[in-house]
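Reader: I would like to learn how to read a model like this one, feature by feature. Could we look at it together?

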There are 2 protein chains.
Amino acid sequence: MDGEMAQAPNEKAARLIDVARRANVSRATAARALGGYGLVTQSTRERVMAAAAELNYRVNELARSMRSGRSLTIGVVVADIANSFFNKAIRAIIETASQAGYQILVLNTDDEIERERNAVKVLIEKRVDGLIVVPASQGEYEHLVVESEPEVPVVLLDRRVDSGEIDFVMTDDRAAAGQAIRCLVSAGHTRIGLLVATAAVQGYSQEMPAAVVGTVRDRVDGAKAALAELGLSARPEWYRFSQSRVETARKAAIEILTSPEPPTAILATNEDVALGALGAAAELGIEVGGELSIIAFDDAPWAGVFRPPLSVIRRPVASLGAAAVELLLRKIEDGTYRNSQILEAELVNRQSVAPPPAKR
Amino acid sequence: MDGEMAQAPNEKAARLIDVARRANVSRATAARALGGYGLVTQSTRERVMAAAAELNYRVNELARSMRSGRSLTIGVVVADIANSFFNKAIRAIIETASQAGYQILVLNTDDEIERERNAVKVLIEKRVDGLIVVPASQGEYEHLVVESEPEVPVVLLDRRVDSGEIDFVMTDDRAAAGQAIRCLVSAGHTRIGLLVATAAVQGYSQEMPAAVVGTVRDRVDGAKAALAELGLSARPEWYRFSQSRVETARKAAIEILTSPEPPTAILATNEDVALGALGAAAELGIEVGGELSIIAFDDAPWAGVFRPPLSVIRRPVASLGAAAVELLLRKIEDGTYRNSQILEAELVNRQSVAPPPAKR
DNA sequence: CTGAAAGCGCTTACAG
DNA sequence: CTGAAAGCGCTTACAG
């Protein structure tokens with residue numbers, strides 16, 4: 001009768017019971033027809049569907065979640081959503097999760113442990129079914145093991161913590177750093193600097209900060225080990241640990257490049273510090289891919305277009321995001337399921353690596 | 001008594017009633033003490049707080065939301081979360097919203113209207129308190145006016161639609177494009193091409209697709225109007241409308257640059273197509289900031305470090321995101337509040353603009 | 001195959 | 001200042 005009016009504005013949103021009444025069934029039956037579970041006759045289902053359409057019914061997921069105990073929501077806690085590596089990962093996470101019917105609640109921490117703790121707390125209160133976290137600290141992870149029943153499964157992305165209890169999905173950055181060093185050395189370099197991005201320092205420093213995250217440590221250790229294997233070592237003056245900001249990294253790189261006997265090659269551990277190194281070279285009039293060789297972690301969108309095209313370590317970021325979701329979903333199904341993953345990275349040697357200048 | 005045991009794993013999560021019992025008060029009183037509203041004596045509050053801490057109580061926001069009718073969640077529907085403009089905007093949105101106690105549910109549409117419709121539907125079902133949308137289409141917006149009571153306010157980001165009913169926060173792209181053209185013309189250019197990013201086309205085309213979004217149209221119209229004002233016109237061969245992918249845009253740019261009488265300058269309407277133009281120039285051995293001048297929309301992180309440093313139109317992306325949230329929050333408070341905003345963009349002329357080559 | 005009832009965990013009037 | 005009761009909108013056993 002008022003079928004024509006059903007979508008008029010300013011009507012109270014229809015509830016399940018409104019649909020049920022219009023279809024002349026009980027709420028239970030209406031729920032079954034709409035939810036596609038349990039048994040309903042074809043004709044009942046059609047009647048309910050029609051009623052729902054006429055009333056423009058939208059299920060209240062809040063109510064559904066409360067009753068069913070599953071929110072179909074995953075919380076993502078990330079260091080910096082504006083970083084190109086993380087945002088490609090998030091894109092893959094959103095994609096993979098939504099295919100499975102899950103939505104994503106994203107929080108940013110800027111790698112601050114306090115904000116991470118708070119983010120986890122908020123997400124637990126929102127009753128997410130699981131958590132994907134890029135942890136800010138390797139040692140402080142108590143907030144990540146969520147004790148209550150039902151347990152909230154956690155998967156770490158890109159980094160691990162000092163607990164065997166929490167699964168992670170990351171790349172083999174130790175091996176990747178080694179690959180980069182070997183590439184540089186076989187091009188003839190013996191003086192190789194390291195520009196390392198880390199949230200564990202204000203500004204930048206020459207010493208590795210103690211609180212550095214595992215992934216950062218892997219990259220540094222991997223580089224050092226490869227160097228040692230090749231009979232090389234690195235001077236402290238060639239190292240800088242900088243926060244992940246282009247401007248800060250630029251200053252740090254300038255120090256490296258103006259040291260008495262500067263390196264002829266630099267390994268930069270992420271997009272921001274790579275940009276800093278490139279900026280420093282430009283400012284000092286040093287030709288990249290000529291006087292100075294550079295390899296950077298992560299194949300940022302601009303890297304291949306840069307002059308010279310930048311040699312990079314390409315990490316399988318979309319696979320990493322997808323794998324994190326898949327692992328998390330399995331853990332949501334089965335609380336005892338355990339399975340960390342380490343994916344391989346690939347060196348894409350474009351044109352920012354060249355033999356070192358002959359002058360000595 | 002079992003205070004020490006309170007955090008033991010595998011206990012059922014404490015509920016309000018558990019806290020209430022332990023503190024010897026009613027649920028209502030416990031809720032008031034915890035929620036910080038209503039009246040409670042100091043000593044009662046302390047007792048409740050202590051009980052909550054001992055039980056490691058976490059409020060169930062799902063239940064709270066259902067009862068209170070507010071989910072403290074905002075839905076964000078964006079074309080491409082991996083685009084540097086949008087992800088900086090999202091960063092600002094998350095920041096601003098979380099300061100006000102709201103969390104963000106993000107969905108990606110790749111500028112597909114069907115996915116946008118579905119995203120809005122899902123978010124409504126999750127009972128978000130409001131929606132920030134980068135709409136994929138200017139004409140199809142029925143799904144964005146959510147009719148039921150209570151109304152779900154919507155703010156458009158970066159784009160508007162053909163409805164006066166929906167508020168938006170965007171930049172004055174028409175003016176910005178005009179500014180870019182004037183900069184190019186005063187450097188001496190008369191042959192200026194346009195490389196336009198749009199989701200309204202597969203691959204790329206010379207004609208402007210009909211379904212192009214308002215922001216794209218603004219940029220093209222703004223450029224054309226400025227050209228006309230200066231007594232110049234543009235040849236169709238100098239125009240390409242390309243989907244927002246570096247590789248596609250590169251091919252389109254190559255066509256422009258190899259046309260019989262190629263332009264000496266190009267205006268690129270976003271990061272992806274700017275990268276395409278730069279890639280094309282490199283491939284053709286054309287020197288940017290010499291033979292070819294380029295201005296791009298959006299100050300991507302790499303733009304200032306590029307060789308030559310890229311001249312760009314810098315849009316106030318963080319302000320845009322923050323403004324969208326603030327507007328939305330006001331609308332959530334007051335359903336009748338209306339207020340669109342158009343922010344100004346700024347031309348940052350670095351070194352990719354130079355006089356055209358003298359040869360003719 | 002369908003329905004009546006209970007209940008998820010809160011908050012909101014309403015009494016007192 | 002505190003408590004008993006109702007209710008937000010669903011789904012889940014349990015009967016029939």
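Reader: How many residues does helix 8 of chain A have, and how far does it reach from its first C-alpha to its last?

Author: Happy to start there, after a word on conventions. This is a predicted model, in which local features need pLDDT of at least 70 and side-chain atom pairs count only at pLDDT 80 or more, while totals for chains, interfaces and linings use all residues. Residues are numbered from 1 along each chain as its sequence is written, chains are lettered from A and ligands numbered from 1 in the order in which they are written, and side-chain values use heavy atoms, leaving out hydrogens and water. Helices (H or I, at least four residues) and strands (E, at least two) are DSSP runs numbered from the N terminus, and a helix's expected span is 1.5 Å times one less than its number of residues. Helix 8 (residues 214-229) of chain A has 16 residues and reaches 22 Å, close to the 22 Å expected. Gly231(A), with a positive phi near 75°, follows this helix.

Reader: Which residues of helix 8 of chain A are buried?

Author: Buried means under 20% relative accessible area, exposed over 50%, and partly exposed in between (1.4 Å probe, protein chains only). In this helix the buried residues include Gly214(A), Val216(A), Val220(A), Ala223(A) and Leu227(A). Their cover includes helix 7 (173-186) and strand 6 (192-197) of chain A.

Reader: Which residues have the most contacts inside the largest nonpolar core?

Author: A nonpolar core is a set of buried Ala, Val, Leu, Ile, Met, Phe, Trp, Tyr and Cys residues joined through side-chain atoms within 4.5 Å. The largest one has 62 residues, and Ile74(A), Ile132(A), Ile74(B) and Ile132(B) have the most contacts inside it. Apart from that core lies another of 59 residues, among them Ile254(A) and Leu275(A).

Reader: How many disulfides does the structure hold?

Author: A disulfide is a pair of cysteine sulfur atoms within 2.5 Å. Over all chains there are zero. Cys183(A) is buried, at 12% relative accessible area, and Cys183(B) counts as buried at 12% too.

Reader: Which residues come nearest to DNA strand C?

Author: A residue is near a strand if one of its heavy atoms lies within 4 Å of it. Of the 27 residues around DNA strand C, Thr44(A), Arg67(A), Arg27(B), Arg64(B) and Arg67(B) come nearest. For Arg27(B), a side-chain N or O atom is 2.4 Å from a base nitrogen.

How values were computed
Contact means heavy atoms within 4.5 Å. A polar contact is a pair of N or O atoms within 3.5 Å; within protein, one must be able to donate a hydrogen and the other to accept it, and residues adjacent in sequence count only if both atoms are side-chain atoms.
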